[in-house]
Amino acid sequence: MKVILVDDDATMHVILSKMLHKLPEVHVVGAFTDTKSAAFFLQEHTDIGLAFVDISMKGENGMEFAARLGNAGSPVQIVFVTSHKDFALEAYELSVIDYLVKPVSQERLQRTVHRALQNWRAFHPPTIQVPPAQERKAIVITVLGDVVVSNETGRVKWISRKCAELFAYLLLYRGRRIPRSKLVTDIFGGVEQAGAESYLNTTVYQLRKSLEPLGMREVIRSENDGYALEWQDANIDYVVFESQVKELHTIDASQVENALSVERLYTGDLFGDKAYVWAIHETERYHQMYTSFVKRLVAVLISSGDTGSASKLLLKLKEYNPLDESVIHHLMMIREMTGDKKGLTVLYTNYVRLLHQELGIRPSEELTVLYSSLVRAITDKKPKTAKP
């Protein structure tokens with residue numbers, strides 16, 4: 001049975017959530033500090049079975065909220081949780097199922113939940129379901145190069161581009177509540193305010209529907225006029241990549257194979273070609289992390305004589321940023337090591353031409369001097385033909 005918490009003291013959200021987590025047949029899906037946010041959530045979710053509601057709150061109090069739900073014919077069962085005993089009689093006149101006085105004991109809470117479950121089961125015959133934690137063990141999220149969510153049953157099919165973007169946004173800030181106002185600004189900034197609010201509501205609905213076939217609808221939580229992505233057990237590629245790079249803060253010859261495996265984790269920039277404006281900073285940060293890691297790996301490969309693997313990695317960096325002089329520098333060194341004078345000359349002259357066309361400048365003096373010295377080195381290595 002799904003449960004929500006309505007209390008203007010956020011500490012109570014933590015306390016009740018931990019206590020309810022010990023009861024296997026209930027699942028907290030939302031926590032709110034005001035009744036307006038809770039009411040909005042209940043309009044979106046008609047399958048909530050129980051609400052724990054504080055009585056004394058700013059604005060609409062808990063009794064007014066319960067009365068409003070009752071008048072609207074809401075099936076949600078109400079349990080008042082309060083510091084005051086004085087409202088008990090009035091509370092029961094509202095047909096609430098229980099009245100708990102803080103601090104609430106685990107045993108007292110369990111009795112209340114048991115009563116609510118009995119009422120709820122009368123209208124909801126049991127169905128065989130896989131526990132959420134078991135469902136999510138095999139979740140794989142790939143956002144380096146694309147936005148893909150999958151498990152052993154298949155992959156998520158996004159209903160719209162915006163719901164994929166909303167997922168990407170919440171994933172980047174996973175575990176944190178993002179206010180609706182910030183989502184409207186960052187994701188729907190070009191839309192008129194009222195239209196953007198409506199667009200966000202639709203997109204949240206589409207996102208949950210997209211995740212539902214893989215049993216992941218509930219990872220999108222509504223909290224105090226905002227949303228959060230709650231995911232503890234998914235395999236997220238960019239998270240794994242960053243942790244592996246940090247572990248390999250130094251690379252030596254014995255770690256090359258491991259480092260090459262880490263490099264292969266980076267299958268493209270964050271969110272691929274989606275080019276989300278709000279993700280520019282993080283996209284650049286991860287690419288710089290990748291570039292720095294590859295350059296360190298290349299230096300080890302070159303020193304160990306594996307110029308083939310080093311060249312492949314450098315050419316990947318060159319494709320992304322053809323103007324990176326340090327990449328050209330390493331490629332030129334490899335051309336000299338392999339005695340490829342023609343390849344060295346083509347590489348250098350193409351770089352000179354590109355700099356002139358794109359920026360109107362010449363390469364650094366250091367690179368020019370390096371080119372000349374490498375050409376001489378290759379020439380000196382060639383065996384001289386004896387004169388007849």
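This is a predicted model: local features need pLDDT of at least 70, side-chain atom pairs count only at pLDDT 80 or more; totals for chains, interfaces and linings use all residues.

Author: Buried means under 20% relative accessible area and exposed means over 50%, while partly exposed covers what lies in between. Serine 309 belongs to helix H13, residues 307–320, and its C-alpha atom is separated by 17 Å from that of glycine 339, which lies 30 residues away along the chain. Arginine 221, in contrast, counts as buried because its relative accessible area is 16%. This arginine sits in strand E10, residues 220–223, and, leaving aside residues up to four places away in sequence, arginine 221 touches Val28, Val29, Gly30, Ala31, Arg208, Gly226, Tyr227, Ala228 and Glu230.

In soluble globular proteins, nonpolar side chains tend to be buried together. Here the largest nonpolar core has 79 residues, and Phe167, Phe271 and Met332 are those with the most contacts inside it. Helix H12, residues 280–303, supplies the largest share of this core, namely ten residues.

Not counting residues up to four places away in sequence, phenylalanine 167 touches Ile141, Val147, Val149, Trp158, Leu207, Leu211, Leu229 and Trp231. Helix H7, residues 161–172, packs against helix H9, residues 193–211, with axes 8 Å apart and at an angle of about 85°, and the two helices are therefore roughly perpendicular to each other. On the H7 side the contact is made by Lys162, Cys163, Leu166, Phe167 and Leu170, and on the H9 side by Tyr199, Thr203, Val204, Gln206, Leu207, Ser210 and Leu211. Sorted by class, these are eight nonpolar, three polar and one charged residues.

Helix H12 has a packing partner of its own to consider. The axes of helix H10, residues 237–247, and H12 come within 11 Å and cross at roughly 40°, which makes H10 oblique to H12. The crossing of the two is left-handed. From H10 the contact involves Tyr238, Phe241, Glu242 and Val245, and from H12 it involves Arg285, Tyr286, Met289, Tyr290, Phe293 and Arg296. By class, the contact of H10 with H12 holds seven nonpolar and three charged residues, with no polar ones.

Note on methods:
Residues are numbered from 1 along each chain as its sequence is written. Side-chain values use heavy atoms; hydrogens and water are left out. A nonpolar core is a set of buried Ala, Val, Leu, Ile, Met, Phe, Trp, Tyr and Cys residues joined through side-chain atoms within 4.5 Å. Buried means under 20% relative accessible area, exposed over 50%, partly exposed in between (1.4 Å probe, protein chains only). Helices (H or I, at least four residues) and strands (E, at least two) are DSSP runs, numbered from the N terminus. Contact means heavy atoms within 4.5 Å. Axes are lines fitted to C-alpha atoms, for helices over the stretch in contact, and angles run from 0 to 180 degrees between N-to-C directions. Angles under 35 degrees count as roughly parallel, over 145 as roughly antiparallel, 65 to 115 as roughly perpendicular and the rest as oblique. A crossing is left-handed if the near helix is turned anticlockwise from the far one by less than a right angle, and right-handed if clockwise. Ala, Val, Leu, Ile, Met, Phe, Trp, Tyr, Cys and Pro count as nonpolar, Asp, Glu, Lys and Arg as charged, and the others, Gly among them, as polar.
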